[in-house]
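Subject: Handover of a structure for your review

Dear colleague,

Please find below the structure that I am handing over to you.

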Amino acid sequence: IAERIEAQKRLHHLAHHDGLTGLPNRILLQDRLDQGIARARWRKRKIAILFLDIDRFKLINDNLGHDVGDLLLKEVAVRLTANIREGDTVARFGGDEFVIILNDVNENDDICPISDKILTTLALPYIYKSRELFVTASIGISLFPDDADNSQTLLKKADTAMYLAKMQGKNIIKFYGEEEENLPLGVEQLTLESELHRALERKEFVLYYQPQLSLTSCKIESYEALIRWKHPRKGLISPVHFIDLLEETGMIIPVGKWVLKQACTQEVSNQALGLQPKRVAVNISAKQFLQKDFISLVEHTLTQTGLAPEFLELEITEGTLIENIDDTANKLKELHAKGVSLSIDDFGTGYSSLNYLRRLPFDTLKIDRSFVLEVTTNKDDGAIAAAIITLAHTIGLEVVAEGVETMEQLIFFDSLGCDLIQGYLCSQPLPADKLEAMEDDCYIGWKSHLKHGDS
């Protein structure tokens, strides 16, 4: 019995403490914060939340290795614990983030001496193999009940204040205030960039799916997977506002890997529900495609998710093709040989040439929406779209018109023999749980309506 009790204690400790530092984890942090709020409310006192992030920690991990990074995190945990009062809590929130709960605060001025002491202590040198390492930290602070009356909002506001502290020079303390609610555009952009680094870890990305409608069968034949950022404060954010940041920071690699796996998993789930199998199209960035292990990644993802290769389509932008044409051609041929469909995306906006289309094993060509927008009102756009469709069909490619929003555009592309259309006329991008409710037969009859001029 004693051994069983001891084992249960160990399991309880493991479930509530961080494996690396031994500090309370998020679960225990949440519990202690909720209890602290209840006590503070009853005693009419304040609680301070200090959200701490080590400055430039990634630089240490990238240059000295994760082992050194782990040793640094352990030492930070020791120093933080030594500088708080009995009854307060230090927790590891994740990565290089720590949260400190200061209970029984009387005045705001009581917080600054503790925070200053923490920054001073963390700035002392760390010794590793006779080498001195110097790091600093940024701290954001929120207060109960001044800033919020619940634990989740307090943590978010302390997190927001911490990001602003980083933007204002790092190694400083920043209290949450009204200025965080109305950040200037440039600062707001930097805030989003900082938050983007943790969005994948916090599972804030979601996929939406936009159907592609066949103009021959009038049924949905495929979907395009489109990423969205479910921001905790701003709601759903379009990729227009963060894709470039993912590219610039290199985060497009891990995020792209997640998108590929998630899209494949969703199509497997759809088929398990009895839905008609469809191709799911996934956008691949140049940086992803040029990774040496990209072919292995695709193979592993298909094996791991159980999706048959014929139900995956990879969309490659024109710009990718000029990076290294020989390497690109070899990769595309290898993917195509494995049964994966290939699509050239945004055709007409980059560097495409007839030579590329002749040499590379694409299955589908997507006409960029910039040519679709005025296709019925601009003679030149109409001529370009018609030429693209004729060219594609001549060399055996299927054609998708992106951004179709009006019945006039649909009639135009139908008259030219375009194979599929994608756009708001068919459907806006949908969350995964809405796909099952969309029946293919709701589109049956479109063609007959068009023949009779019934819109």
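**The nonpolar cores**

The largest nonpolar core has 70 residues, and the members that touch the most others are Val 298, Leu 312, Leu 314, Leu 365, Ile 367 and Phe 413. Helix H9 supplies the largest share of this core, with six residues. In soluble globular proteins, nonpolar side chains tend to be buried together. Please bear in mind throughout that the model is a predicted one.

When its neighbours within four places in sequence are left aside, its contacts are Leu 260, Val 282, Ile 284, Phe 294, Val 298, Leu 335, Val 340, Ser 341, Leu 342 and Ser 343.

**The chain as a whole**

The protein chain contains 19 helices and 17 strands. It has 455 residues, of which 49% count as buried. Among contacts with a separation of 6 or more, 68% are between residues 24 or more positions apart.

**Helices H9 and H11**

Helix H9 (residues 252-272) packs against helix H11 (residues 294-305) at an angle of about 35°, and their axes are 9 Å apart. The crossing of H9 past H11 is right-handed. On the H9 side the contact is made by Lys 257, Leu 260, Lys 261, Cys 264, Thr 265 and Val 268, and on the H11 side by Leu 297, Val 298, Thr 301, Leu 302, Gln 304 and Thr 305. By type, the residues of this contact are six nonpolar, four polar and two charged.

**Strand S14 and its partners**

Thr 364 of S14 is the bridge partner of Ser 343, while Lys 366 stands opposite Val 400 in S15.

In a regular strand the side chains alternate between the two faces of the sheet. In S14, Thr 364 and Lys 366 point one way, Leu 365 and Ile 367 point the other way, and all are buried.

**The five-stranded sheet**

An open sheet is formed by five strands in the order S2-S3-S1-S6-S7, with mixed pairing. Its edge strands, each pairing on one side only, are S2 (89-94) and S7 (173-175). From one strand to the next, the twist averages 25°. Strand S1 (residues 46-54) pairs with strand S3 (residues 97-105) in the antiparallel sense over seven bridges, and Asp 53 stands opposite Glu 97 in S3.

Two helices lie across strands of this sheet. Helix H4 (residues 66-82) lies across S1, S2 and S3 and runs at about 5° to S3. Helix H5 (residues 111-122) lies across S1, S3, S6 (137-144) and S7, and runs at about 160° to S6.

**Asp 159**

Asp 159 is located in helix H6 (residues 151-167). Is Asp 159 buried or exposed? Its relative accessibility is 9%, and therefore Asp 159 counts as buried, the limit being under 20%. Not counting residues up to four places away in sequence, Asp 159 touches Phe 51, Glu 97 and Arg 202. Glu 97 is also the residue that stands opposite Asp 53 in the pairing of S1 with S3.

With kind regards

How values were computed: Residues are numbered from 1 along each chain as its sequence is written. This is a predicted model: local features need pLDDT of at least 70, side-chain atom pairs count only at pLDDT 80 or more; totals for chains, interfaces and linings use all residues. Side-chain values use heavy atoms; hydrogens and water are left out. Axes are lines fitted to C-alpha atoms, for helices over the stretch in contact, and angles run from 0 to 180 degrees between N-to-C directions. Helices (H or I, at least four residues) and strands (E, at least two) are DSSP runs, numbered from the N terminus. A crossing is left-handed if the near helix is turned anticlockwise from the far one by less than a right angle, and right-handed if clockwise. Contact means heavy atoms within 4.5 Å. Ala, Val, Leu, Ile, Met, Phe, Trp, Tyr, Cys and Pro count as nonpolar, Asp, Glu, Lys and Arg as charged, and the others, Gly among them, as polar. A nonpolar core is a set of buried Ala, Val, Leu, Ile, Met, Phe, Trp, Tyr and Cys residues joined through side-chain atoms within 4.5 Å. Buried means under 20% relative accessible area, exposed over 50%, partly exposed in between (1.4 Å probe, protein chains only). Two strands pair if DSSP finds at least two bridges between them.
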